[in-house]
Amino acid sequence: MSTVLNITRSILGQPWRWRALATDTRDPGFAPDDLVTQLLLARGCPREELEAHRSPSIRGFMPDPSIFHDMDKAAERLADAVQSQEAVTIFGDYDVDGATSAALMILLLRDLGLEAKPYIPDRLMEGYGPSGEALVRLKAEGASLIVTVDCGAQAFDALEQARVAGVDVIVVDHHKCALALPHAHALVNPNRLDETEGAAHGHLAAVGVAFLLGAALIRTLKGRGYFERREPPRLLDLLDIVALGTVADVAQLKGLNRAFVAQGLKVMAQRRNIGLNALISASRLTRAPTATDLGFALGPRINAGGRVGKSDLGVRLLTTRDPQEAADIAAELDRLNEERRAIEALVQEGAEALALTKSNQAVIVVAGHGWHPGVIGIVAGRLKEKYGRPAIVIAIDEHGVGKGSGRSISGVDLGAAVLSAKDSGLLVAGGGHAMAAGLTIDAGRLDAFGDFLESRLADAVTRSIGDRALLLDALLAPGGITPALVEAMDLGGPYGMGWPQPRVVAGPVRIIKADIVGNGHVRAVVAGDDGRTIKTVAFRQADTALGLALLGAPPHRKLWLAGRARIDDWGSRPAAELHLDDAAWAD
């Protein structure tokens with residue numbers, strides 16, 4: 001990859017490189033379609049698949065569900081339950097992926113004539129995943145079939161207790177699996193180590209795996225003649241829920257996931273789901289939601305129930321038939337999200353103070369007594385962004401037991417490392433996937449755990465940091481940042497993890513005005529050589545080299561600005577602005 005504008009060290013200390021071939025939109029022969037094609041190619045789209053990726057469809061990317069181990073077995077068991085009207089419980093995780101996975105299964109079974117019950121464990125009282133006590137209790141309450149979604153891949157003891165109690169359990173998960181698998185009637189997970197063709201879909205969120213199981217179930221029932229006297233359900237109508245869970249779980253938006261999100265956003269715009277409709281209104285969105293809204297507006301509110309409120313609020317919202325109940329739950333989730341922000345700020349302050357003493361380590365591991373375990377994942381993500389390396393934040397309770405959550409960087413498989421630490425006896429429990437992990441640890445093992453991660457991941461972190469550069473897609477004159485350009489770039493979406501949002505470089509510019517707004521954001525108005533001005537925002541950068549440069553730039557010095565062009569629709573007319581990731585002096 002060639003260097004952009006010969007910038008080998010920016011204000012934030014990184015080189016700027018082209019993601020693929022340079023695109024100079026200042027060329028008078030440039031057309032928006034040229035940019036869209038290059039955006040797709042730069043994200044790994046084969047040239048012969050350009051049209052399929054321009055409008056990703058479910059039909060174009062959907063695999064045969066039967067390629068996954070245990071998929072047909074799970075579908076057959078669920079079909080038996082539907083036809084026999086068994087008592088079924090959907091056991092979900094308390095995050096967005098768990099809530100959407102559970103909601104999808106409940107809504108689908110409802111359309112098939114079976115009312116399944118949800119069960120979401122309390123984060124503080126029960127912890128992550130199924131416990132033997134909970135499964136046995138559900139059996140005693142009448143459940144003959146339990147489907148765990150977004151959890152269960154590591155629940156060896158719990159599933160053994162369920163087997164002894166005589167209840168069938170189907171596991172629908174996407175987290176890392178060990179070589180040995182827990183006992184279950186069926187375990188559907190593209191990240192099983194014995195997967196072959198299905199392993200290509202290991203990037204799916206649990207809600208995506210649940211969608212595939214839904215397709216297999218409908219096909220099985222169709223083969224049994226179940227729909228001779230009733231209409232089959234429209235599984236595609238549930239894509240709004242699939243899109244929300246996929247984006248909120250930061251799943252890679254490649255292949256089928258891109259189709260899930262692209263088509264799911266279209267379904268969501270119709271606002272058919274009563275609960276999602278209420279949540280969109282509570283989030284104060286006045287237009288059709290975008291992929292960014294799923295990750296930063298809707299997802300956090302669903303998550304707030306599991307983090308600091310009632311764990312089942314998300315599932316109840318997404319499955320309710322009552323508009324008033326939906327409005328009440330959405331308002332409660334909005335309130336809880338504000339409460340979560342305040343709790344998060346307190347934990348963030350303590351975690352950052354400890355992280356300063358560990359900034360030279362490959363993996364930042366910080367722990368604190370009394371930290372709220374519901375926000376540690378968010379704080380870990382903030383530390384990862386600030387220090388550019390994996391971070392794990394651990395909340396220690398009064399019994400000396402720590403609940404931890406980690407976030408990783410590209411090229412560093414944190415989930416595998418945590419699973420290995422568990423197998424080595426350093427953790428009470430642990431697992432996850434490449435970019436995120438969760439764990440339970442005795443406080444006395446913290447130092448040993450930190451040393452283990454350092455020895456296992458240091459080389460991978462060093463390689464990742466050494467390969468790091470700010471990747472750019474296009475070079476623009478400041479006046480080229482327009483709503484039309486943003487709309488053209490959006491045609492290459494949806495964007496997210498694994499399919500990064502386009503990043504452009506604009507300039508050279510002079511700073512006309514800069515100030516601090518909100519929670520440490522730097523807002524600046526800049527002007528190009530042609531006199532055209534644009535608005536820019538550098539989020540949470542007030543105390544960084546980038547923020548200080550923007551605030552203190554002398555009027556005679558010029559800058560190149562790198563960031564993401566977005567639509568600012570707060571005014572009477574939509575305008576484009578640049579959300580900054582970096583800058584470099586132009587002279």
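## Terms and model

A residue is called buried when its relative accessible area is under 20%, exposed when that area is over 50%, and partly exposed in between, using a 1.4 Å probe and protein chains only. This is a predicted model, in which local features need pLDDT of at least 70 and side-chain atom pairs count only at pLDDT 80 or more, while totals for chains, interfaces and linings use all residues. Residues are numbered from 1 along each chain as its sequence is written, and side-chain values use heavy atoms, with hydrogens and water left out.

## Leu-276 and helix 11

Leu-276 sits in helix 11, residues 274-282; helices (H or I, at least four residues) and strands (E, at least two) are DSSP runs, numbered from the N terminus. With a relative accessible area of 2%, Leu-276 is buried. Beyond its neighbours within four places in sequence, Leu-276 is in contact (heavy atoms within 4.5 Å) with Asp-240, Ile-241, Leu-244, Met-268 and Leu-318. Leu-318 is 42 residues away from Leu-276 along the chain, yet their C-alpha atoms are separated by 6.3 Å.

## Helix 10

Helix 10 covers residues 256-269, and its 14 residues should span 20 Å at 1.5 Å a residue. The expected span is 1.5 Å times one less than the number of residues. The end C-alpha atoms are 20 Å apart, which agrees.

Helix 10 is mostly covered, with 12 of its 14 residues buried. Among them are Leu-256, Phe-260 and Met-268. The buried residues of helix 10 pack against helix 2 (50-54), helix 3 (58-61), helix 8, helix 9 (239-248), helix 11 and helix 12 (291-308). After helix 10 comes Arg-271, with a positive phi near 55°.

## Nonpolar cores

A nonpolar core is a set of buried Ala, Val, Leu, Ile, Met, Phe, Trp, Tyr and Cys residues joined through side-chain atoms within 4.5 Å. The largest one has 140 residues, and Ile-90 and Leu-109 have the most contacts inside it. Helix 8 (residues 206-223) supplies the largest share of this core, 11 residues. A second, separate core has 24 residues, including Ala-362, Val-418, Leu-439 and Leu-446.

Setting aside neighbours within four places in sequence, the contacts of Ile-90 include Ala-102, Met-105, Leu-109, Tyr-119 and Val-149.

Gln-541 lies in the loop between strand 16 (533-538) and helix 19 (545-552). Its relative accessibility is 17%, so Gln-541 counts as buried. Apart from neighbours within four places in sequence, Gln-541 is in contact with Gly-520, Val-522, Leu-546, Gly-547 and Leu-548.

Leu-548 is part of helix 19 and is exposed, with a relative accessible area of 54%. Together with Ile-516 and Leu-551, Leu-548 forms a nonpolar patch on the surface, with about 280 Å² of accessible area. Accessible areas come from the Shrake-Rupley method with a 1.4 Å probe, and for residues only the protein chains shown count as cover.

## Backbone details

Gly-493 and Pro-494 are joined by a cis peptide bond with omega about 5°. Another cis peptide bond joins Gly-507 and Pro-508, with omega about -5°. Pro-494 is in the loop between helix 18 (483-490) and strand 14 (504-517), and Pro-508 is in strand 14.

Asp-150 has a positive phi, near 65°, and is buried at 0% relative accessible area.

Terms used. Patches are made of residues with over 30% relative accessible area and no salt bridge: like charges are joined within 9 Å, nonpolar side chains (Val, Leu, Ile, Met, Phe, Trp, Tyr) within 5 Å. A salt bridge is a side-chain nitrogen of Lys or Arg within 4 Å of a carboxyl oxygen of Asp or Glu.
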